[in-house]
Amino acid sequence: MHRKSFLLCVFLILTSTVIFSGCASPADGSQSEAAGSRESESAEAGFDDGLNTDDSVANVPLSTDSDDTQTARAIFKKNDGKSKDKKAGNSGKKRATVSKCLVPEASGTLTYGDNNISIDASNTSEGYVMVRYSGSASKVKLQVTVPDSTVYTYTLAADGAYETFPLSKGNGKYRLDILENAYDDMYALVLSQEVNVTIADEFRPFLYPNQYAWFTGEDDAVSLAAQLSNKSSGDLNFVEQVYLYVIQNITYDEELAASVTSGYLPDVDRTLKSKKGICFDYASLMVAMLRSQAIPTRLQIGYSGDAYHAWISVYLTEIGWVDNIIQFDGKHWSLMDPTLAAGNSRSSVEKYIGDGSKYTVKYTY
């Protein structure tokens, strides 16, 4: 661990707006880019979803079943009936509702930095690292280079409070770089630290809250998730209840999409209260609700064709990771490749629905 000179190590982070149909991704790049060149995409990119003003926006009343709602009910019911775990199906049993969600901690047993910058790596075995910044810079970036060399870029709150970031690529070496804004778009690398990570449980990174999907036991979203769980017969049925609640109650916020600025972060209770949001809000809300009830859930951002999209993947004991089950394209929710998720032979169904290769995950949180 070392702190580098502010004056000698100044790096250019180019800012440009990237337009998405669903959700914006943070910048990525190679290790050499993170250490002194430029990011392949802007760390300052806002969440401009790129909708035309004439595009329709789903607004599903509680009393009306849209096509998406009907499709969801049919597919969830189909999978429920095929469940290998009787407890997860509609067997008349009630789902065991989780009363306490996981809470990340800055335990202080393994830290790097100083009074102004601190990396707490005490709980990497749980699948997360915590970072705080209380220095004088007005804008601060955290770049996390994961084991496959992808670079995840975050904006730090710079308020002295610890924030949580997932170690979403499993075991291996992670590098954390903290950069202070010097002037204009120039940033200085002020702290670089490598951390060797061994995660005790592969699902842990997808059960804790993090900066992109933050929640606590006091949040309304967590209380709502518990209420829906109490009405569910099992995990799959609970995912269905959360899915249906979201598509029936949250509408797309075109005004926010047109005006959102860089550094935007979802607030799950704000989304619930306003009943609207952009794709980042939709995905974050569902992640928070499902994780709070011990359903491992990935927030994924990547390409669908040439456009960025946001979607989630969930892990169900009777099915495994259900990838691309729920996706938001800037207009409405839809189920993606549910037949593949149901365990059918890929070769037998891809001529009808494709093999899923069109959807490319770029970042996982």
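Me: Where does Lys94 lie?
Reply: Lys94 lies in the loop between α2 (67-81) and β2 (111-113). Helices (H or I, at least four residues) and strands (E, at least two) are DSSP runs, numbered from the N terminus.

Me: What kind of model is this, and how are residues numbered?
Reply: This is a predicted model, where local features need pLDDT of at least 70 and side-chain atom pairs count only at pLDDT 80 or more, while totals for chains, interfaces and linings use all residues. Residues are numbered from 1 along each chain as its sequence is written, and side-chain values use heavy atoms, with hydrogens and water left out.

Me: Back to Lys94. Buried or exposed?
Reply: Lys94 is exposed, with a relative accessible area of 57%. Exposed means over 50% relative accessible area, buried means under 20%, and partly exposed is in between (1.4 Å probe, protein chains only).

Me: Which ring does the charged end of Arg95 sit over?
Reply: The ring of Phe238, 4.7 Å from its centre. A charge sits over a ring if NZ of Lys or CZ of Arg is within 6 Å of the ring centre and within 35 degrees of the ring normal.

Me: How many residues does helix α4 have, and what does it reach?
Reply: Helix α4 (residues 235-249) has 15 residues. From first C-alpha to last it reaches 21 Å, close to the 21 Å expected at 1.5 Å a residue. The expected span is 1.5 Å times one less than the number of residues.

Me: How many of the residues of α4 are buried?
Reply: 13 of its 15 residues are buried, and α4 is mostly covered.

Me: And α7, how many are buried there?
Reply: 14 of the 14 residues of α7 are buried, so α7 is largely enclosed by the rest of the structure. Its end C-alpha atoms are 20 Å apart, which agrees with the 20 Å that its 14 residues should span at 1.5 Å a residue.

Me: What lies in the loop between β11 and α7?
Reply: Ile278 lies there, between β11 (276-277) and α7 (279-292). Ile278 counts as buried, at 0% relative accessibility. Ile278 and Ala257 are 21 residues apart in sequence and 6.2 Å apart in space, C-alpha to C-alpha.

Me: What comes just after α7?
Reply: Ala294, with a positive phi of about 65°. Most residues other than glycine have a negative phi. Ala294 is found in the loop between α7 and β12 (297-304). Ala294 is partly exposed, with a relative accessible area of 43%.

Me: What is phi of Ser149?
Reply: Phi of Ser149 is near 80°, a positive value in a residue other than glycine. Ser149 is in the loop between β5 (140-145) and β6. At 32% relative accessibility, Ser149 counts as partly exposed.

Me: New topic. How many aromatic pairs are there?
Reply: The count comes to 13 aromatic pairs. Rings of Phe, Tyr and Trp (its six-membered ring) pair if their centres lie within 6.5 Å; planes under 30 degrees apart count as stacked, over 60 as edge-to-face and the rest as tilted.

Me: Why is the pair of Tyr154 and Tyr212 edge-to-face?
Reply: The ring planes of Tyr154 and Tyr212 are at 65°, so the pair is edge-to-face, with centres 5.4 Å apart. The pair links distant parts of the chain, 58 residues apart. Tyr154 is in strand β6 (residues 151-155), and Tyr212 is in the loop between β9 (186-197) and α3 (220-230).

Me: Are those two buried or exposed?
Reply: Tyr154 counts as buried at 3% relative accessibility. Tyr212 counts as buried too, at 7%.

Me: What about Tyr315 and Trp321?
Reply: Tyr315 and Trp321 form an edge-to-face aromatic pair, 5.5 Å centre to centre, with 70° between the planes. Tyr315 counts as partly exposed at 23% relative accessibility. Trp321 is partly exposed, at 21%. The charged end of Arg298 sits over the ring of Trp321, 3.7 Å from its centre.

Me: Which residues do ring pairs link into a cluster?
Reply: Tyr152, Tyr154, Phe165, Tyr212, Phe280, Tyr363 and Tyr365.
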